[in-house]
Amino acid sequence: MSKILITGGAGFIGSHACVEFINAGFPIVVLDNLSNSKEESIRRIEKITGKTVTFYKADMRDAAAVRRIFEEQQIDAVVHFAGFKAVGESVAKPLDYYENNIGGTFVLLQIMREYGCKTIVFSSSATVYGMHNPIPYVEDMPTSATNPYGYTKVMIEQILHDICISDPEFRAVALRYFNPIGAHKSGLIGEDPNGIPNNLLPYIGQVAVGKLQQLSIFGNDYDTPDGTGVRDYIHVLDLAKGHVSALKYAKEHAGFMPINLGTGHGISVLEMVHAYEKACGKPISYRIADRRPGDISANYANASRAKELLNWQAEETLETMCEDSWRFMQQNPNGL
Ligand code: NAD
Ligand code: UD1
């Protein structure tokens, strides 16, 4: 039976997608080098679904290891999450980011070509809209980047686009995620960052659980209703389901298609803090700090293409995003 290769399937978004693919009846194979995740997340996917997961601890840059997977498993599509994702780190270590994200994707695409595998769903990001597009972001706006991480997403989208032009049978969906948060309802899998979190939700979660003392809110003088930054936060479960719909779409439609996965609504940092306080039942200590360099005031998706092409839309609420995140934090205060 043909299978789906999920790269980065032990990570935050990939692990939730594994659960949704399994629940939707797709046989999956996971490749992850565990550089930013733990094998425990594979065990937890198995616990949630009651199914055994075929897992290869391998690096996508290792052509022999990737080839072995295609040799041993009948892979007919790839859902490609693997990559480094920390913006600040990408500025400090650009070569590592280009090498891992782009180099790894090259290896994967070359081996897909060797084995005649022509379907890929790729984890892109709203970061490809750069700094200068008006909101809400629509897929046909020009893409650009402000840091090496963002450039890897812009470039990989371009590579996929070019492959689709060269091969009329190739199909690539680039899912541009907005801000994924939340966790599985079981509390067994969720976001488990190494070190001090850079992103808002894991930071708030660690303040709530007592691991960090105080949240710094990066600026309250933005041109937004309460002055704090506005983002389109999307529940990782909704996001995961979007991948199942995107794969079904890709199987039926050749060519390159970028699709936003967001709710279409913006939420401010202060709104998020208050929603989390409600979910965890205690105050979140915060202070107002300087703006973070490189941040924009507000972004959110125009989510109509996903609705039209994938028949997908976000179903979870701000409340459930915070409640599910909090459940995961409580059950796993020290990560997985
Ligand atoms: P994550 O770090 O939790 O997951 C990525 C996984 O890829 C990790 O398990 C890591 O071990 C693995 N990996 C990295 N390099 C690898 C390599 N060379 N070979 C094999 N495995 C490798 O990150 P995530 O939040 O789940 O993000 C998944 C994807 O979505 C990434 O491509 C990321 O850039 C993209 N994305 C994430 C966000 C976000 O806010 N989390 C937003 C937009 C886009
Ligand atoms: C960041 C990245 C983006 C990446 C995304 C997901 C930057 C500039 N952008 O997006 O490229 O795709 O993560 O990984 O790093 N905030 C605080 N205090 C904090 C943390 C965040 O006030 O401790 C604020 C930010 O200023 C922003 C909002 O919370 O207004 C969300 O921040 P974050 O979670 O880091 O996501 P993005 O900045 O949207």
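This is a predicted model: local features need pLDDT of at least 70, side-chain atom pairs count only at pLDDT 80 or more; totals for chains, interfaces and linings use all residues.
Residues are numbered from 1 along each chain as its sequence is written, and chains are lettered from A and ligands numbered from 1 in the order in which they are written. Local features need pLDDT of at least 70, side-chain atom pairs count only at pLDDT 80 or more, totals for chains, interfaces and linings use all residues, and side-chain values use heavy atoms, with hydrogens and water left out.

**Ligand 1**

The shell around ligand 1 holds 28 residues, among them Asp32 and Tyr149; a residue is near if one of its heavy atoms lies within 4 Å. The shell divides into 12 nonpolar, 11 polar (Gly among them) and 5 charged residues. The table gives polar contacts, which are pairs of N or O atoms within 3.5 Å.

| Residue and atom | Atom of ligand 1 | Distance |
|---|---|---|
| Asn33, backbone N or O | nitrogen | 3.1 Å |
| Met60, polar backbone atom | nitrogen | 3.0 Å |
| Lys85, polar side-chain atom | oxygen | 2.8 Å |

Taken alone, ligand 1 exposes 820 Å², of which the protein buries 95% (Shrake-Rupley method, 1.4 Å probe).

**The sheet**

Strands are DSSP runs of at least two residues, and helices of at least four. Seven strands form an open sheet in the order S3-S2-S1-S4-S5-S6-S11, with parallel pairing; two strands pair if DSSP finds at least two bridges between them. Strands S3 (54-57) and S11 (255-261) are the edges, each pairing on one side only. S5 also gives the most to the shell around ligand 1, with 3 residues. Strand S1 (residues 3-7) is joined to S2 by 4 bridges, and Thr7 stands opposite Leu31 in S2.

Key
A polar contact is a pair of N or O atoms within 3.5 Å; within protein, one must be able to donate a hydrogen and the other to accept it, and residues adjacent in sequence count only if both atoms are side-chain atoms.
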